Amino acid sequence: MTAYQGTAPTIRLRPSVYQALGKHLASNLPHEACGVLLGAAAAGGMRIDTYVPMRNVAPDPLHAFVPHPADWVSALFMTPPPVGLFHSHPRSAPLPSAADYAGLQGLEEHFAVYLIGAPGSAAGEFIRLNGYGITRTRTGQGSLSLGLAEAQLQLLLK
Ligand SMILES: [Zn+2]
């Protein structure tokens, strides 16, 4: 776990979203699953109301995710647009990889939340889920560098 001293937001998930993430993760195995998260800023953090699965068309879907272009375009034209991105790590811990960091660059401004899921490891555990806030730091040249800050995940009661 990375120590994070800043003000990463609390990410609150509706139970239906948690269920949908776990189902999509499981149904895509052994491939990575991916999709976008719909929600809004709420109570000093982000509330995730809906998960919209996307097809993974990566050449190597066992180890990577690339959203189907049509799914990606239709997600970007949603009103309001998605606030977050989800994908799964079928065989490794739900921690951001070097490829994940590289894939962040260029994500539109409305993406604030990044969730990574892995299959549950304990009996009865549905999904292991880590949540991150997407950070944007302006570099000396004026370009944006995107990063991830560990966030608190909370499951809403309804
Ligand atoms: Zn990943």
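**Reading the features**

Modeller: The side chains of His87 and Asp100 are joined by a polar contact of 3.1 Å. Such a contact is a pair of N or O atoms within 3.5 Å; within protein, one must be able to donate a hydrogen and the other to accept it, and residues adjacent in sequence count only if both atoms are side-chain atoms. The model is predicted, so local features need pLDDT of at least 70 and side-chain atom pairs pLDDT 80 or more, while totals for chains, interfaces and linings use all residues. Numbering runs from 1 along each chain as its sequence is written, and side-chain values use heavy atoms, with hydrogens and water left out.

Colleague: By what distance are the C-alpha atoms of His87 and Asp100 separated?

Modeller: These C-alpha atoms lie 9.6 Å from one another, and the two residues are 13 residues apart along the chain.

Colleague: Is His87 buried or exposed?

Modeller: Buried means under 20% relative accessible area, exposed over 50%, and partly exposed in between (1.4 Å probe, protein chains only). His87 counts as buried because its relative accessibility is 0%. This histidine is found in strand β4; strands (E, at least two residues) and helices (H or I, at least four) are DSSP runs, numbered from the N terminus. Apart from residues up to four places away in sequence, His87 touches Glu32, Ala33, Cys34, Phe65, Asp100, Tyr114, Leu115, Ile116 and Gly117, where contact means heavy atoms within 4.5 Å.

Colleague: How is a pocket read, and which residues are closest to the centre of the largest pocket?

Modeller: Rolling a probe the size of a water molecule over the atoms shows where empty space is left. On a 1 Å grid over the protein atoms alone, a pocket is an open set of points where a 1.4 Å probe fits, with protein on both sides within 12 Å along at least five of seven lines; lining residues have an atom within 4 Å of a point. The volume is the space filled by probe spheres set on the points, which are joined across faces, edges and corners. Here the largest pocket holds about 340 Å³ of space. Among its 21 lining residues, Glu32, Ala64, Phe65, His87 and Asp100 are the closest to the centre. Two or more lining residues come from each of β4 (84–88) and α3 (98–104), and α3 gives the most, with four.

Colleague: Which residues does His24 contact?

Modeller: His24 belongs to helix α1 (residues 15–28) and counts as buried because its relative accessibility is 12%. Beyond its neighbours within four places in sequence, His24 contacts Ala33, Cys34, Tyr51, Pro53 and Met54.

Colleague: In what sense do β6 and β7 pair?

Modeller: Two strands pair if DSSP finds at least two bridges between them. β6 (residues 127–138) and β7 (residues 144–150) are antiparallel, with seven bridges; in β7, Leu148 is the bridge partner of Ile134. The two strands form a hairpin with five residues between them, and Gly142 in the turn has a positive phi of about 90°. Asn130, in strand β6, reaches the backbone oxygen of Pro94 with its side chain at 2.7 Å.

Colleague: What should I note about the backbone at Pro30 and at Ala43?

Modeller: The Leu29 to Pro30 peptide bond is cis, with omega near 5°, and Pro30 sits in the loop between α1 and β2 (34–42). Thr79 and Pro80 are also joined by a cis peptide bond, with omega about -10°. Ala43, a residue other than glycine, has a positive phi near 50°. Ala43 is exposed because its relative accessible area is 69%.
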